[in-house]
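Welcome, and please have your viewer open. We will go from the whole chain to a few side chains, one selection at a time.

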Amino acid sequence: MGGPPAYTSFDTDYNALGVKPVDDNKASQYQNSDHAGTPENFKMFVIGGATGGGGSNYTGSYSATGSCALTLDGSSSLTVSK
């Protein structure tokens, strides 16, 4: 299971990060194959570390799919699977 990458430099100003809003390679100003969530303005600072591999893995890997079942109000039943 993957996790977040490490960066040698980052910014706490979210507007400075240039986060890609979608996976699509034409639906935003960042017309590339990067995953949604990539901090485009800080890609040059990604390194291997934490649980990320570095290279072009700017956002880490997708996690396993989870699911849940909702019930009507007042019911005590709950189902969660991972």
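Accessible areas here come from the Shrake-Rupley method with a 1.4 Å probe. On that basis, the chain exposes about 5900 Å², and carbon and sulfur atoms supply 53% of that area. Keep in mind throughout that this is a predicted model.

**Stop 1: the whole chain.** You will pass one helix and four strands, in the order β-α-β-β-β. Now colour by accessibility: of the 82 residues, 22% count as buried. If you display contacts between residues at least 6 apart in sequence, 41% of them join residues at least 24 apart.

**Stop 2: the aromatic rings.** Select the aromatic side chains next. How many aromatic pairs are there? The count comes to three. Begin with tyrosine 7 and phenylalanine 10: their ring centres are 5.0 Å apart and their planes stand at 50 degrees.

Then move to phenylalanine 42 and phenylalanine 45. Their centres lie 5.8 Å apart with the planes at 45 degrees, so this pair is tilted as well. Is phenylalanine 42 buried or exposed? With a relative accessible area of 10%, phenylalanine 42 is buried, since the cut-off for buried is under 20%. Phenylalanine 45, at 28%, counts as partly exposed. Show these side chains together and you have a cluster: ring pairs link Tyr7, Phe10, Phe42 and Phe45.

**Stop 3: the charged side chains.** A search of the whole structure finds two salt bridges, and lysine 43 takes part in one with aspartate 34, where the closest N and O atoms are 2.8 Å apart. Lysine 43 also meets glutamate 40 in a salt bridge, at 3.2 Å from N to O.

Which of these residues are buried, and which partly exposed? Lysine 43 is partly exposed, with a relative accessible area of 23%. Aspartate 34 is buried at 10%, and glutamate 40 counts as buried at 10% relative accessibility.

How values were computed. Residues numbered from 1 in each chain as written. Predicted model: local features only at pLDDT ≥ 70, side-chain atom pairs only at ≥ 80, totals over all residues. Heavy atoms only, no water. Helix = DSSP H or I, 4+ residues; strand = E, 2+ residues; numbered from the N terminus. Buried < 20%, exposed > 50% of the residue type's maximum accessible area, 1.4 Å probe, protein only. Contact = heavy atoms within 4.5 Å. Phe/Tyr/Trp six-rings, centres within 6.5 Å; stacked < 30°, edge-to-face > 60°. Salt bridge = Lys/Arg side-chain N within 4 Å of Asp/Glu carboxyl O.
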